[in-house]
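Please consult the sequence and the structure shown here while reading.

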Amino acid sequence: MTGRPMHAFLPLLRAADHPRVVMVSSAGGSFAVVTDPEQAVSKMHELAYTSSKAALNMITIRYAQAIPQVKFNCITPGEVANHKFTATDMNNHTGQLTVTEGTDPIVKLALSDADGPTGTFTDRLGPVAW
């Protein structure tokens, strides 16, 4: 959620008890992952998808800094350390994780308490290097 939609939702977010925004990113948005030859995404030689996810990660950090009363975080639904990703239509269901396994950490982050994280990039297992 960026630009106009974000500004349209800001009054609602600020009125919430525990406002948070969870951006669904990708390991492909991580410079550390894309430059690691052991990661499958390092062999994806395309521009739009990984560039857009890297931009999403930066936007998330900048929003977390600019609007500290709202928790902004990125999450990828895979497991970077284990080289696993979620089976979806986008990858012809070749992922090793189920959709539920991919969405569970997203829901958990969305429901985190007032002391939850902000400005982070995580996966199912924990922090992901930017």
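Among the elements that cover the buried residues of helix α1 are β1 (20-24), α3 (48-66) and β2. The model under discussion is a predicted one. The buried residues in question are Met-6, Leu-10 and Leu-13. In an α-helix, residues three or four places apart point the same way, because there are 3.6 residues a turn.

Helix α1 comprises 13 residues, numbered 3-15. At 1.5 Å a residue, α1 should span 18 Å, and the 19 Å between its end C-alpha atoms agrees with this expectation. The helix also has a kink of about 40° at Phe-9, shortly before the proline Pro-11.

Asn-92 is classed as exposed because its relative accessible area is 63%, and the class requires over 50%.

Is Thr-122 buried or exposed? Thr-122 is placed in strand β3, residues 120-123. Its relative accessible area is 17%, which is under 20%, and therefore Thr-122 counts as buried. Apart from its neighbours within four places in sequence, Thr-122 is in contact with Cys-74, Ile-75, Thr-76, Leu-109, Pro-127 and Val-128.

Note on methods. Residues numbered from 1 in each chain as written. Predicted model: local features only at pLDDT ≥ 70, side-chain atom pairs only at ≥ 80, totals over all residues. Heavy atoms only, no water. Buried < 20%, exposed > 50% of the residue type's maximum accessible area, 1.4 Å probe, protein only. Helix = DSSP H or I, 4+ residues; strand = E, 2+ residues; numbered from the N terminus. Expected span 1.5 Å × (residues − 1). Bend = angle between axes of the 7 residues up to and from the residue. Contact = heavy atoms within 4.5 Å.
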